[in-house]
Amino acid sequence: MVQQLTRKLLSGMALPAVALAAVLGIVSVPIQANAATLHMAWSQDATGLDPHKQTAFSSLRLLELIYEPLVRVDASLQIVPAIATSWQFSADGKELTLKLDPKAKFQNGATVTSADVKASFERILDEKTGAAARANFLSIASIDTPDPATVVFHLSQPDVPILTAMSDVNAAIVPASEIAAGSVGTKAIGSGPFKLDKWDPNAKEVLSANKDWTGGATGVDGIEISVLPDETAILAALRTKQIDFALLNDPLVATLVPKEASLQLNRVPVLAYHVLQLNPSRKPMTELKVRQAISCAIDRQEVLDTASLGEGKVTGPLTIPAMATDPSQLFCYKRDIEKAKQLMSEAGYADGFSATVIGATGEPPTAAAEAQVIQSQLAEIGVKLDIKMMELNVYVDAWLKGDFDMAVALNGGRADPYTMYNRYWTKTGNLQKVANYIDDTLDRQMQQGRAETDPARRKAIFADFEKHLAEVSPWIWLYTSYSYTAQQKNVSGFVPTPTGTLFSLSKVTIQQ
Amino acid sequence: MTYLLRRLAVFPLVLIGVSIVVFVAIRMVPGDAITAMLGTEAGLLTPAQREALAAYFGIDQPWFVQYGRWLAGLLHGNLGISSTYGKPVLEIILERFPLTLELALLSMIIALVVGVPAGVFAATHNEKLSDLGVRVAAMIGQSTPNFVLALLIIYTLSAGFGVLPAMGEFSPLWRDPLRNLGQLILPAITLGCAFAASVTRISRSAMLDVLSDDYVRTARSKGVSARGVIWRHALPNALIPVVTLSGIEFGYLLGGAVIVEQIYALPGLGRLVLDAILQRDYALVQGAVLFIAFNFMIVNLLVDLAYVALDPRIRLGEQ
Amino acid sequence: MRMLRAIFAHPSGRIGGFIVGLYLLLAVLGLLGLTPHNPLMQYRIDRLHAPDSTYWMGTDLFGRDVASRLMMGIGQSFIVAFFSVAFAALAGTVLGLAAAWFGRRWDGIVMRVMDVLLAFPAILLALLIVAVAGPGTWTSIVAIAIVYTPIFTRVVRGPALSLKAREFVDAARTFGSSSSYIVTRHLLLNLVAPLTVQITLALAWALLTEAGLSFLGLGTQPPAASLGLMLSDSRNLMETAPWLMIFPGIAIMISILGFNLLGDALRDIFDPRMRRALA
C-alpha cells in the first residue's frame, strides 16, 4: 500500500523529466541489433588478465570464460573433465596421472599439450610469478610429460585435495609460448569457450565465441559485459531490458528481482561463509571460555535474518554440502544467554569487556549490518563492541597483520575442506598469523584429511574437525549466503553453482 | 599581460607541490597494489613472491626513489603506466576527460540559465511571496543529495515508465551526438539542480547588496528605468560572487562527479580517480590529480580575469 | 538579546529561527536520550516496520525506531556541520583577507596553496585522515573543513579585492587609518553579508558531504546515526521501505531551509547599508 502510494508519488514528480526527455526524443532503449549477443552487467570489474595472479571474484568469473583448468567442479562439486579427460591417483596418493583432451586447442590455434601443462604449473610454482595459488601446489615435487597427451605429477606427500585445487582457474593452463614471451596477463589466450576481444577496465568487456572450443558450440555468439557500479542501476537496466543477465551482490537489491514479471532470479548457496573472526592472541579472547561465551551469545539466525533478509543458511565451519554437519549438532548453535553469562563469569569476566570489531565497507554489502546485530547481541553479556568500518584495502592490511580484536568477514570457500582451511588451521598455515589459534587436534585432523583417499573416511575426519573447531571457537561461523544472478526470462540454460562460476554461460541461449 | 605570464609561470611549481603531496599521501594510506589485486589471498604469498610483485608494480623502492623515477619520466612527457589499465596514464585521462568536460559544461549551463534569472527575480521581489517561492525551490534543490536525486530519477524512469538512457557503453559526442546527449542529460540535471540552487541564492544575495548601493540609487534618481538599472548597472557588479561560485563549482565538476558517475555508470574522471585510489594504482592517482589540479588553476585564472572584466577597478597582483 | 529581537522582527528570521531552534531542541533531547525509543535498541520482531502509532517514522533494517534515530542523527549532523564550517570559515576568512590585503606575493602563495587543496580529491583526503586518526566524527569535521577552507578563501578574497579598490578605503587610508583598522572596520564589515550567505550554503554542503563520507564508510560510524548516514543506508531499501529515505530526506531539507532563512535574515541585520536604511 505504502509502496504503491510512493510509486505513484514518485512518478508524479518525475513527469517533467520524462516529458523533457520524450520531447527531445533522446531516452533511448537500445533495440538489440544482434540478439545472439548476451548483454551482461556487474558492479565490480575484473582487475587483471593473468589467470595465475588474479584472485578477485570478478576476475575469476571473467577468466573462467577464457581459460580452462585441467579439471572443473560441477554444480554438485564433483570433479568433471576440462582439459584433462581422465585422472588417476597412485595407490599411495603420491602420483597423479592425467590424460589430456587431444582436441583441446588454444585460441591461437595451437594444441594444448603436456608441455603447456608443465610450463603452466612451473610458472605458478616460480616465486617470481607471485601466484597466490602456489600455496596449494607445494607438494608437487616434479612433473613428467611421457607424451603430449599425458602428464604425471609426482608429489612429495600424499595430497588428495590437490585435484580440487587444480579445478581453480588460478591453475589454468596457458600456452608455454606465451609464458616464454612473458605476455600472459597482457594478452588473454586460453582454451575456453570465449575469446576476449576488448577490455576497457572498469567500463566493459567484449567476448566472442571461440569456434574451436572442444566443449562444442556456445549458445550465444558473444557476451558484452558492462560495469554498472551501482546495483540499483543494474536492476533498472534489467527492468528496461537493456541487459539480459546480471550478477548481483547485495541481497537487498536481489530480493527485488522476483517482483518483476519479466525477470528471473537465480540463487544458489555458495561455499563462502560470513564469519565473526575473534583474535585469540588478544585478551580476553585468549580464554577458551570467553570465546565460547561469545559463540553462545550470538543468535546466528537473527544475524542472517537482519543483515541478509534471511537469504542464506546458518552454517558451521564446513560449507561443502556433502561434508557439512547439521549445524544444530555443533557447539552452542542454539543461542544460550545463561550459559554464555556463566562461561563469562567462570573466565573472570562477569562484568564483560570492551573490544573493537572491524569490517570492510561494502565488502560484503552486509558487513556493517552484521557488525551492528552482533554488537547488540553481545551487549547482552556485557561485551561492549566498538565498530570500525574501513575501506577494503585498509581492512585487508589490518586483517593480514592480525591487527584486530574481532573482524566481520566473508571468507572464500573451496570445494575441498583441506584446500579451504589449510591456510588457517594447520601449524604451517600461511594465515596462522591471522587465525592466531591452532591446537594439535586440528593440525592432526587436517593432515589425516589430506592423505586419506577413501571418501567416507575423509568425511568422518572432517566431521570431527568441524565439531572440534566449533567447540574451541576461534571464530564464530555465522551463515552462508546466496550467489545471485538475475536474467530476462527469455534467457535459458544458466546453471548456478556453489563456487559462483559463470562457466555455464557457455551453454546459455536467448529465445527471440 | 605580465600578470598572466607570472601566473602561468607558477603553474609548474604548484603542480610539483601537488605531486609530492599526493605521492606521499597515497602511500601513507594502508594497503597497496598487491592487497588491492589479491585481497586477503595476499596472505598466501611468500616473502619472495611479495618482492616479485612489488617490483612488478614498481613499489619496491623507498618513496623518494620512486618519486625521482616518476619525475624523470614526467620531464620526458611521460606520466607513467597505470597498473590496472596497462596503458599510459595520460592516454587514459584524455579518454575520460571529454565526458567530464561535457557534463560540467552542461550542468553549469543549466545552473546559470536557471539560477541567475531566478536570483535576480527574487532580489527584485525581496521578502514578497514570490521571493519566498524561489528561495524554497532553491532550498529543495540544494538540500537533495545528488545520489538521492539520481536514484529517484532512475527508479521512476525505469520502474514507472520502463525507459532509461542507455547504460554501460558511453557514446562520445562526435560519434553519436543524440545518444550522447541522452546519456548525459539526466546526470547533468542531477548535478545542475544543486548548482542552480546555489547560483540562485548567491545571485539573489549579491543583487540585494548592489541594489542598495549608492551608485544604483544615483542611476535610479537620474531616471534610468528600473529594468535598465537592474540589468545594465546592478547585474554586472552582482556577478562577482556568482562568478566566484560558478568557478569553484565548475572546477569541482572538472574533477569529476564521483557519485553521479557511479550511479549513471559514466566513465568520467571522478570514477577514474576513485577506482584508482581503491585499486592503489599510484601512477594513475598521481597523474589524474595532477591533471585535475591543472584544470583548477586554469579555471581560477579565468575567474580572476573575469573579475577584472566585470569590475575594472580591480587590478590583480598589484599593490 | 537585541540580536534575538532583531531576528524576530525579520520575516524570514522568524521562520528560520524557529526551525533552527526546533532542531537544536531535538538535537539536545536526542543527546540527552529523551527520545520516544532508545535509538540503538533493536526491536527484532518489528524490523522494517512501516510508520504507525508506535513507530512514528517506522523502523529500519534492525528494528530500530527511525524517529528516535533521527533525533540522534540531527545532533550528530549538526555537530559535524557547525564545527567543520566554523573552522573553514575562520581559516578561509583570515587567508582570504590576507591574500587580498597584502596582494602580490602573498596573494599568489595563498591562492596557489588553495588551488592545491581544491585539486586534492576529498576521498583521498578523508582516507588519509582516517588512516592517521581512525574514522569518526572528528575525521569528518577535519576533512570537510579542509575541503571548504579554499572556498571561503576565494569567497572572501574576491569581494575584498573589489572593496579594497573602492573610494572609502582610499579615503580611510588618506585619513591615516591603520591597516588593521581598515581591514576589520571596512573590509570585514562589508564582507559579513556574503560570508553569512556562504556559511549557510556551506552548512548545507557540509550536511551533504557528511552523507557522502558516510556513504564511503569514512564518516559517522554505526550504530550511531547522522542524517547523511541514514540517507545513504536507505538507498538499497528505497523500494522496500521508502520511509527510511523520506524522513531523513525531509529532515535535511527542512534544516537547510532553516539555515538559509536564518542566514538571509542575519545578512540583512549585519549589512551596514541595510542598517542605515532601517535607521
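**Burial and folding in chain C**

Modeller: In this predicted model, buried residues make up 58% of the 279 residues in chain C.

Colleague: How many helices and how many strands does chain C have?

Modeller: Read along the sequence, chain C follows the pattern α-α-α-α-α-α-α-α-α-α-α. Its C-alpha trace spans about 75 × 45 × 30 Å along the principal axes. The secondary structure of chain C comes to 11 helices and 0 strands.

Colleague: What share of the contacts in chain C with a separation of 6 or more joins residues 24 or more positions apart?

Modeller: Two residues are in contact if their C-beta atoms lie within 7 Å. Among contacts in chain C with a separation of 6 or more, the share from residues 24 or more positions apart is 69%.

**The sheet of chain A**

Colleague: Why do S4 and S6 of chain A each have one side without a neighbour in the sheet?

Modeller: The open sheet has 4 strands, in the order S4-S5-S7-S6, with antiparallel pairing. Strand S4 (84-89) and strand S6 (140-147) of chain A each have a single partner strand, so one side of each is left without a neighbour, because both stand at the edges.

Colleague: Which residue in S5(A) stands opposite Phe89(A)?

Modeller: S4(A) pairs with strand S5 (residues 95-100) of chain A in the antiparallel sense, over 5 bridges. The residue in S5(A) opposite Phe89(A) is Leu96(A).

Colleague: Which helix packs on the sheet of chain A?

Modeller: The helix in question touches S5, S6 and strand S7 (150-155) of chain A. Its direction makes about 165 degrees with that of S6(A). It is helix H3 (residues 114-125) of chain A.

**The two domains of chain B**

Colleague: What distance separates the centres of the two domains of chain B?

Modeller: Chain B is divided into domain 1 (16-86) and domain 2 (91-310). Taken over C-alpha atoms, the distance between the centres of these domains is 35 Å.

Colleague: Which helix gives the most to the side of domain 1 of chain B that touches domain 2?

Modeller: In chain B, 17 residues of domain 1 are in contact with 13 residues of domain 2. Helix H1 (2-28) and helix H2 (33-38) of chain B each supply at least two residues of that side of domain 1. The most, 5 residues, comes from H1(B).

Definitions and conventions
Residues numbered from 1 in each chain as written. Chains lettered and ligands numbered in written order. Predicted model: local features only at pLDDT ≥ 70, side-chain atom pairs only at ≥ 80, totals over all residues. Domains from an automatic or database assignment. Pairing = 2+ DSSP bridges. Axes fitted to C-alpha atoms, helices over the stretch in contact; angles between N-to-C directions. Buried ≥ 20, exposed ≤ 12 C-beta atoms within 10 Å, placed from the backbone.
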